[in-house]
Amino acid sequence: MLVLTRKKGESIQIGEEIEITITSIKGDQVKIGINAPKNVEIHRKEVWLDIQNENTAASEEVAGLFTILSKAKKD
């Protein structure tokens, strides 16, 4: 993991298209602004993990459906 120190108003550039700016710091809370192309998905980590879990569950349901359908074809 790369750890960088930034002050309010300073930025971090990721590649050519993504810029992260520190917009405010209050106590232990840091607010950041993210400037990125619209095709780049940006989520809080806990939301991203929920999406991944839902996608995994949905794919397991589809796999189960395919199993049922393949068994039905054999009969």
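These legends describe close-up views of one predicted model.

The model is predicted, so local features need pLDDT of at least 70 and side-chain atom pairs count only at pLDDT 80 or more, while totals for chains, interfaces and linings use all residues. Residues are numbered from 1 along each chain as its sequence is written, and side-chain values use heavy atoms, with hydrogens and water left out.

**View 1**
From the N terminus on, the order of elements is β-β-β-α. Helices (H or I, at least four residues) and strands (E, at least two) are DSSP runs, numbered from the N terminus. The chain has 75 residues, and buried ones make up 4% of them. Buried means under 20% relative accessible area, exposed means over 50%, and partly exposed lies in between (1.4 Å probe, protein chains only). The accessible surface of the chain is about 7000 Å². Carbon and sulfur atoms account for 54% of that surface. These areas come from the Shrake-Rupley method with a 1.4 Å probe; for residues, only the protein chains shown count as cover. Consider contacts between residues at least 6 apart in sequence: 0% of them join residues at least 24 apart. A contact means heavy atoms within 4.5 Å.

Two strands pair if DSSP finds at least two bridges between them. Strands of a sheet pair through backbone hydrogen bonds, either parallel or antiparallel.

**View 1. Strand 1 meets strand 2.**
The two strands run antiparallel, and 4 bridges join them. Strand 2 covers residues 18-26. Ser 11 faces Thr 21 of strand 2 as its opposite residue. Gln 13 has Glu 19 in strand 2 as its bridge partner. The hairpin of these strands has 3 residues between them. In this hairpin, Gly 15 takes a positive phi near 65°.

**View 2. Strand 2 meets strand 3.**
Here 7 bridges join the strands, which again run antiparallel. Strand 3 covers residues 29-35. Opposite Ile 22 stands Ile 32 of strand 3. Opposite Ile 20 stands Ile 34 of strand 3. The hairpin has 2 residues between the strands, and Gly 27 takes a positive phi near 65° there.

**View 3. Ser 24 sits in strand 2.**
Ser 24 counts as buried because its relative accessible area is 16%. Set aside its neighbours within four places in sequence. Ser 24 is then in contact with Lys 8, Gln 29, Val 30 and Lys 31.

**View 4. A nonpolar patch lies on the surface.**
Its members are Ile 25, Val 30, Ile 32, Ile 34, Val 40 and Ile 42. Together they have about 480 Å² of accessible area. Patches are made of residues with over 30% relative accessible area and no salt bridge; like charges are joined within 9 Å, and nonpolar side chains (Val, Leu, Ile, Met, Phe, Trp, Tyr) within 5 Å. Strand 3 gives the largest share of the patch, 3 residues. Ile 42 is in the loop between strand 3 and helix 1 (45-74). With a relative accessible area of 43%, Ile 42 is partly exposed.

**View 5. The whole structure has 2 salt bridges.**
A salt bridge is a side-chain nitrogen of Lys or Arg within 4 Å of a carboxyl oxygen of Asp or Glu. One links the side chains of Arg 6 and Glu 10, at 3.6 Å from N to O. Arg 6 is partly exposed at 34% relative accessible area. Glu 10 is also partly exposed, at 28%. Another links the side chains of Arg 44 and Glu 46, at 2.7 Å from N to O. Arg 44 counts as exposed, with 54% relative accessibility. Glu 46 is partly exposed, at 43%.
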